[in-house]
Amino acid sequence: CVAALAGACASTAWAFSLLCTHNHQLALFSKQQQNELWANNPDALASSTIAPFGKSEETEGGVIFNVDM
């Protein structure tokens with residue numbers, strides 16, 4: 001789908017890919033956090049411009065992400 005969009009407009013494809021990726025990431029959050037975003041509007045979209053940097057460490061309950069500044 002993104003490649004098809006890119007055939008017409010690379011900028012639109014880039015923006016669409018960000019929305020897809022970020023909404024997929026949000027779907028991995030806790031149910032409470034998902035409800036905060038989608039309870040009132042299941043079609044809500046979210047995106048950001050962050051580029052995480054730092055070190056991640058897998059733990060029994062998930063992942064710890066530390067930013068060294």
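This is a predicted model: local features need pLDDT of at least 70, side-chain atom pairs count only at pLDDT 80 or more; totals for chains, interfaces and linings use all residues.
Reader: What pattern does the chain follow, read along the sequence?

Author: Reading along, you get α-α-α-β-β. That comes from 3 helices and 2 strands. Helices here are DSSP runs of H or I with at least four residues, strands are E runs with at least two, and both are numbered from the N terminus. Residues are numbered from 1 along each chain as its sequence is written, and side-chain values use heavy atoms, with hydrogens and water left out.

Reader: What is the mean pLDDT of the chain?

Author: The mean is 87, and 93% of the residues reach 70 or more. The term pLDDT stands for the predictor's confidence in each residue, from 0 to 100. Among the elements, helix H1 (residues 2–8) has the highest mean, 94, while strand E2 (residues 62–66) has the lowest, 88.

Reader: Why is Asn23 called buried?

Author: Buried means under 20% relative accessible area, exposed means over 50%, and partly exposed is in between (1.4 Å probe, protein chains only). Asn23 has 14%, so it counts as buried. This residue lies in helix H2 (residues 10–27), and it touches Leu37, Trp38, Ala44, Leu45 and Ala46, leaving aside residues up to four places away in sequence. Touching, or contact, means heavy atoms within 4.5 Å.

Reader: Which backbone oxygen does the side chain of Asn23 reach?

Author: The side chain of Asn23 reaches the backbone oxygen of Leu19, at 2.9 Å. A polar contact is a pair of N or O atoms within 3.5 Å; within protein, one must be able to donate a hydrogen and the other to accept it, and residues adjacent in sequence count only if both atoms are side-chain atoms.

Reader: And what makes Ser17 buried?

Author: Its relative accessible area is 18%, so Ser17 is buried. Ser17 is in helix H2 as well, and a polar atom of its side chain lies 2.8 Å from the backbone oxygen of Trp14.

Reader: Is Cys9 buried, partly exposed or exposed?

Author: With 32% relative accessibility, Cys9 counts as partly exposed. You'll find Cys9 in the loop between H1 and H2. From Cys9 to Glu57 you go 48 residues in sequence and 38 Å in space, C-alpha to C-alpha.

Reader: What makes Lys55 exposed?

Author: Lys55 has a relative accessible area of 57%, so it is exposed. Lys55 lies in strand E1. It touches Ile64, Phe65 and Asn66, not counting residues up to four places away in sequence. The C-alpha atoms of Lys55 and Phe65 are separated by 5.8 Å, although these residues are 10 apart along the chain.

Reader: In which sense do strands E1 and E2 pair?

Author: Antiparallel: E1 (residues 55–59) and E2 pair over 5 bridges. Two strands pair if DSSP finds at least two bridges between them. Glu58 stands opposite Val63 in E2, and the two strands form a hairpin with 2 residues between them.

Reader: Where does UniProt place the "signal peptide"?

Author: The UniProt record, an unreviewed entry, puts that feature at residues 1–15. Its positions are given in the numbering used here, feature names are shortened, and annotations may be inferred rather than shown by experiment. In the model, residues 1–15 are 87% helix and 0% strand, with the end C-alpha atoms 13 Å apart.
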